[in-house]
Amino acid sequence: MSEKNKQEIEHVKCLIIGSGPAGYTAAIYAARADMSPVMYQGLQPGGQLTITNDVENYPGYPDGINGPAMMQDFQKQAERFGTDVRFGLVTKVDFTGPVHKVWVDDKKEITADAVIISTGAAAKWLGIESEERLNGFGVSACAVCDGFFYKGQDVAIVGAGDTAAEEATYLSKLCNKVYMLVRRDEFRASKIMTDRVLNSPNIEVLYNHETKEILGKDAVEGVLAYNNKTNEEIKLDVTGFFVAIGHKPNTDIFKGWLEMDEVGYLKVIPGTSKTNIPGVFASGDAADKVYRQAVTAAGTGCMAALDAERYLTEIGAH
Ligand code: NDP
């Protein structure tokens, strides 16, 4: 490597990858502990909450708050204590040595003593035009976040895994009626979760049904579904449409370095944020396939910063 290239490598004590509730909480703790954190925000600064309208279940906001505004508050708080928040996507890592190497936007190289991963996860979507257009206007991928807005109304949910079963059951307690669109003639969910759905009198399971279109101009007014065996179409009069067909953690760049499950969720030592590589910590949805809430992400972000601080002290870097 030439002298010039060597000089371009920046060294940071604590690098945070990703800017959702986990990343910003880690940043607040790390900055207050004088760890001089540098954060790269990633493709979607603010994370999944920036595509959510009202957040009513995050403690401390008694009147609720809209997702993007909440994430601006998180950012302000992180910057107030000196976090260096930067645009940029981490595209490659090399965790071979004690000092961790990270590349930003395929060019800038950084070395870091501690790395906190908070890259989040993304909900999978059906990929139809009306779903994208009405996203946030009746279309949601989180029943726990948005179900409350459909209290007493009729809604539909698509999916047949544990998430869909859990969310359908959750919605059934709030809504008047829940239509569940299952694309095969059976569930993928565990028996206990499936039984819960089947025992809920106000959930109607429509087997072999797929979504053709979500109806409505500015808000959901119905769903056009079809039977994939008979091609028969039905119109469901619903005001909410929930997609629960799985999530994908944003962890592809860590493949080969960090232990993860078959879907890509990072594995941590239970009760900590420690990955299999010393000095690399995981927080938020990238390491959580069960809870996936802003408040749990923030909690694990805090854990990652505290674990990172202890690590830096142990190696004499702090
Ligand atoms: P899964 O991948 O398990 O299930 C996805 C479901 O969505 C499947 O039923 C699949 O149908 C359906 N689906 C996928 N694409 C489409 C599509 N285009 N149109 C219609 N349906 C579609 O994801 P989950 O999020 O449900 O679960 C992920 C993991 O998390 C699992 O291991 C699960 O057990 C776990 N989990 C555990 C919970 C708990 O224990 N409390 C709660 C939530 C999740 P098909 O079956 O036909 O493939």
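## Close-up views of a predicted model

View 1. Asp-105 has its place in the loop between strand E7 and strand E8 (108-117), where helices (H or I, at least four residues) and strands (E, at least two) are DSSP runs, numbered from the N terminus. This is a predicted model, in which local features need pLDDT of at least 70 and side-chain atom pairs count only at pLDDT 80 or more, while totals for chains, interfaces and linings use all residues. Residues are numbered from 1 along each chain as its sequence is written, and side-chain values use heavy atoms, with hydrogens and water left out. With a relative accessibility of 36%, Asp-105 counts as partly exposed, a term for values between buried, which is under 20% relative accessible area, and exposed, which is over 50% (1.4 Å probe, protein chains only). Arg-292 is buried, with a relative accessible area of 18%.

View 2. A search of the whole structure finds 8 aromatic pairs, where rings of Phe, Tyr and Trp (its six-membered ring) pair if their centres lie within 6.5 Å, and planes under 30 degrees apart count as stacked, over 60 as edge-to-face and the rest as tilted. One of these pairs is formed by Phe-95 and Trp-257, whose ring centres are 6.3 Å apart and whose planes stand at 65°, so the pair is edge-to-face. Phe-95 is buried, at a relative accessible area of 3%, whereas Trp-257 is partly exposed, at 28%. The rings of Phe-281 and Tyr-311 have centres 6.1 Å apart and planes at 70°, so this pair is also edge-to-face. Because Phe-281 lies in strand E19 and Tyr-311 in helix H8 (residues 294-314), the pair ties together parts that are 30 residues apart in sequence. Phe-281 counts as buried at 2% relative accessibility, and Tyr-311 is buried as well, with a relative accessible area of 12%.

**View 3. Charged side chains sit over aromatic rings.** Here a charge sits over a ring if NZ of Lys or CZ of Arg is within 6 Å of the ring centre and within 35 degrees of the ring normal. The charged end of Lys-92 sits over the ring of Trp-103, 4.3 Å from its centre, and Arg-32 lies over the face of Phe-81, at 5.3 Å from the ring centre.

**View 4. Helix H2 passes helix H3 in a left-handed crossing.** The axes of helix H2 (residues 21-32) and helix H3 (residues 67-80) come within 8 Å and cross at roughly 20°; axes are lines fitted to C-alpha atoms, for helices over the stretch in contact, and angles run from 0 to 180 degrees between N-to-C directions. That crossing makes H2 roughly parallel to H3, since angles under 35 degrees count as roughly parallel, over 145 as roughly antiparallel, 65 to 115 as roughly perpendicular and the rest as oblique. The crossing is called left-handed if the near helix is turned anticlockwise from the far one by less than a right angle, and right-handed if clockwise.

**View 5. An open sheet of 5 strands has parallel pairing.** The strand order is E10-E17-E11-E12-E13, where two strands pair if DSSP finds at least two bridges between them. Strand E10 (139-140) and strand E13 (203-207) are the edge strands, each pairing on one side only. Strand E11 (residues 154-158) and strand E12 (residues 177-182) run parallel and are joined by 5 bridges, and Ala-156 stands opposite Tyr-179 in E12.

**View 6. An open sheet of 3 strands has antiparallel pairing.** The order is E14-E15-E16, with strand E14 (209-215) and strand E16 (233-236) at the edges. The twist averages 25° from one strand to the next.
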